[in-house]
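User: I'd like to go through this structure with you, one question at a time. Ready when you are!

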Amino acid sequence: MHDWSLISIQIDWIQSSLIVHLKDSQSQNVMLIAEKFKTFNISKKNEWGESISINQIINLSILDNGNSFLKVEIQSGDVFEIEAEKITFP
């Protein structure tokens, strides 16, 4: 996901679903889907400067409760984290 672009984040509160819209390195639209999300955290401080590009996946794991956890660093220095029953991405 390095250098992919973060485009938008869509939350369906009733369905507890979250969709992160991205563009891959070939500028193709891709989606990261979190089903039955429990937590979602994101910062927008731009400590390293403005950027929409993904720097790296910091953590992708299964928690003790069986949920999936994803932590992604953006090239602005910001981070987003998702805990959900299921996380699907390309």
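User: Which residue is the bridge partner of I33 in β6?

Analyst: This is a predicted model, where local features need pLDDT of at least 70, side-chain atom pairs count only at pLDDT 80 or more, and totals for chains, interfaces and linings use all residues. Residues are numbered from 1 along each chain as its sequence is written, and side-chain values use heavy atoms, leaving out hydrogens and water. Strands here are DSSP runs (E, at least two residues), numbered from the N terminus, and two of them pair if DSSP finds at least two bridges between them. β3 and β6 (residues 79-88) run antiparallel and are joined by eight bridges; in β6, the partner of I33 is T88.

User: And which residue in β3 does L18 stand opposite?

Analyst: β2 covers residues 17-23 and β3 covers residues 29-42, and the two pair in the antiparallel sense over six bridges. Five residues sit between the strands in this hairpin, and S27 takes a positive phi near 60°. The residue opposite L18 is A34.

User: How many helices and strands does the chain have, and why is it called as compact as a globular protein of that length?

Analyst: The chain has zero helices and six strands. Its radius of gyration (over C-alpha atoms) is close to the 12 Å that the globule rule (2.2 Å times the number of residues to the power 0.38) gives for 90 residues, so the chain is as compact as a globular protein of that length: the value is 13 Å.

User: What share of the residues is buried?

Analyst: Buried means under 20% relative accessible area, with a 1.4 Å probe and protein chains only. Out of 90 residues in the chain, the buried share is 36%.

Terms used:
Helix = DSSP H or I, 4+ residues; strand = E, 2+ residues; numbered from the N terminus. Buried < 20%, exposed > 50% of the residue type's maximum accessible area, 1.4 Å probe, protein only.
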